[in-house]
Amino acid sequence: MHKILKLSNVKFRTDLRNVPYLCQPQLRTISRTPKKYAEDGNKDANVLRKRLKETADTVVIGGGCVGVSLAYHLAKAGQKDVVLLEKTELTAGSTWHAAGLTTYYHPGINLKKVHYDSIKLYEKLEAETGQAVGFHQPGSIRIASSPVRVDEIKYQMTRTHWHPTPQYLIGPEKIQELFPLLNMDKVLAGLYTTGDGHIDPYSLTMALAAGARMYGAQIYNPAPVTGLTPLENGKWDVKTPHGIIRANRIVNASGFWARELGEMIGFEHPTIPVHHQYVVTATVPEVKALKTELPVIRDLEGSYYLRQERDGLLFGPYEQEEKMKLQDSWVRDGVPPGFGKELFESDLDRIMEHVEMAMEMVPVLKNADIINIVSGPITYTPDLSPMVGPHQGARNYWTAIGFGYGVIHAGGIGKFLSDWIVAGEPPYDLIECDPNRYGKWSTVSYLCDKARESYGFNNVVGYPKEERFAGRPTKRVSGVYDLLKDQASMGFHAGWEQPHYFYKPGDQKGYQWIEQKAADGGYDVDISNITDSVGVIGVAGPCARKVLQKLTNEDMSDAGFKFLHCKSMQLAGITLRAIRISYTGELGWELYIDMQNMASVYKAIMDAGKEEGIDNFGTYAMNSLRLEKGFRGWGAEMNCDTNPFEAGLDYFIKLNKSADFIGKQALQNIKAQGLQRKLAYLTVDTDDIDPEGNETIWHNGKVVGNTTSGCYSYTAQQSLAFGYLPIALANVGQKVEVELLNRKYPAMVVQEPLVLTEPTRTRLQKKTKSRV
């Protein structure tokens, strides 16, 4: 195999004309005594070409593409005192050696917006700043070479039509037309995205820096941060070898130094460097002969990307979980001092399986000379999503870290954070990137296991409701976990193990806001996170009151314990807090219990309910029940991209209150302006597939909205969904179509709920009795 690749003849050429424009690596390995961030300065750290500012509105720490993008966007938005501190030189870290891929595609929802904003910025940045960025947009194709991959592409097409990103399902003939060098024997279909491509990360960063300076930002380097001191008024003293800057806020955008920077103020950010390799070939005659640039391809089965690099090819694989390499010593001991534009020693043995598949898919690789193998660190979080936004526990401390794909995220994240900082609210919901989704439960062991799994799963088929089990369980297990773990399929939610569904015989087993408001309002309140010490048990159903009343002297009647009221009470001899709720549409309570007492309370409830036939239910059942009864879900029907009137929550809004509650003026403005869309309740006529949420809704051949959640209702024997539609199409009886796996299924807006809630049934019964 080496002979076919001519690896025995490979020489690392020093002629920079033969090195990819995106990367001119210092080809040496790292073997130094690790030290902490504050000690890791540049030998010329005391040499600064201009005087350091003494104050700043925002200090961005880190001069990679993400940090520089934020400085650019803040300055362009009109913030007067923006400072960026870079410890060595701009692009040092992961940016300078990145492969520079850009794509509109993302399997998530709002991260698509980040990608979109990045590409739209990169398209105009050269004209705006006068700095070349080396942006190529030949498009990209995600190759499907198995039937399940075709279904995966159809699934993603279902979720893309209500976004502005261009994306098409194409067949083998079109794929070969676009990429004539492919072996088409196994190619079944492709996901084609026009406007995708690649950009020179170095030139991009320098153009963003030029733009930042043009709009008034100050960039200092070399200027390592040697200390961070939070002040009582929420400001920060940022210490450097050149002096101290007092800042209104700081943003940690320091890449794989982020963990060490966080440690200065007591945070252990769960980020870890991963070794990523890519190979660059010399001129390939068949490539040179082409009249147009090849689109980027992503061979999902082979788990690699491949693109044209000048007249050659650039090929980058993602190794399997057991072969990929973490730089875990940096987590324990810190990044080696002086590390900036260094590389790791390459390891071809780790990627040979992918090389073989690439040569089969693109046969011209077999005779290509390799001129460069790049092996550099990229930063991963456990779930592969970055940590973006204000961090709970330290006022005015923000993060923009953990970017495994920093180049495509840089432009959009810079705009997202800038909009948030300037306006005080995020421009859209990006909860999957909330830095507060991790806590003390995300140990180094968990971080390593999960990052390894996430890297190895980069191109595997993704399924709805799929669970991944590396690093689980964490310390976040409830007091009843040991009792239930063998009875249920567990899901992972913010570190917690939570039952999704309980097995039956024969089954296969298979924080952005309160702190800030308290500080701004000068309220005398202590805020602490008790999530890890308090567990929750939900008791719901027509017999819930009867069962609980057996265990307490508290009056559990309607009059004694009203809906949405909270009480401290004794249950089975244990003090707990109870809230009367109706999250399944049935009579119910949530019990908040100290973790050490949770198992005792659970056992007492199960014993007390035997006569009533008590049983367990998981989150999948709860989701089906709440949809049957028309209950909205947080993060689905309700999020930062919607408002309460759109979501049909008018009942909970009392604008005639004398109190000037938070959001009252905004709600009054929304009501005065009128709504453009509204949440609709849909029945969907499907065959063997059900809506999950975020699918495209069509009417008369046009995209008109999107679903937010969906499921199969076992009570109604019908697929159900919530979806946002224009006001004119949100009326009961309106017919639309919901796209599922590239097919449009008939749907109709119906009166909610499909199944009456317990309070409604009770009221109807009382009315009937009164008539009698």
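Which side chain meets that of E752 in a salt bridge? The partner is R632, at 2.5 Å from N to O, a salt bridge being a side-chain nitrogen of Lys or Arg within 4 Å of a carboxyl oxygen of Asp or Glu. The structure is a predicted model, in which local features need pLDDT of at least 70 and side-chain atom pairs count only at pLDDT 80 or more, whereas totals for chains, interfaces and linings use all residues. Residues are numbered from 1 along each chain as its sequence is written, and side-chain values use heavy atoms, with hydrogens and water left out.

Helices (H or I, at least four residues) and strands (E, at least two) are DSSP runs, numbered from the N terminus. With a relative accessibility of 26%, E752 is partly exposed, while R632, at 17%, is buried; buried denotes under 20% relative accessible area, exposed over 50%, and partly exposed the range in between (1.4 Å probe, protein chains only).

In total, the structure holds 38 salt bridges. Within helix α11, K415 and D419 are four residues apart, about one turn of the helix, and their side chains meet in a salt bridge at 3.0 Å, N to O; K415 is partly exposed at 34% relative accessible area, as is D419 at 26%. R332 and D328 form another such pair, at 3.5 Å from N to O, in which R332 is exposed with a relative accessible area of 51% and D328 is partly exposed with 29%. A network of salt bridges links R149, E152 and E301.

Helix α2 (residues 65-76) has 12 residues and reaches 16 Å from its first C-alpha to its last, close to the 16 Å expected at 1.5 Å a residue, where the expected span is 1.5 Å times one less than the number of residues. Because 11 of its 12 residues are buried, α2 is largely enclosed by the rest of the structure; among these buried residues are C65, L70, Y72 and L74. Just after α2, G78 takes a positive phi of about 105 degrees.

Apart from its neighbours within four places in sequence, L125 is in contact (heavy atoms within 4.5 Å) with Y72, G130, V133, L204, A207 and L208.

Strands pair if DSSP finds at least two bridges between them; β13 pairs with β4 (residues 140-144) in the parallel sense over four bridges, with V296 as the bridge partner of S140. Strand β14 (residues 304-309) runs antiparallel to β13 and is joined to β13 by three bridges, D299 standing opposite Y304. These two strands, β13 and β14, form a hairpin with four residues between them, and S303 in the turn has a positive phi of about 55 degrees.
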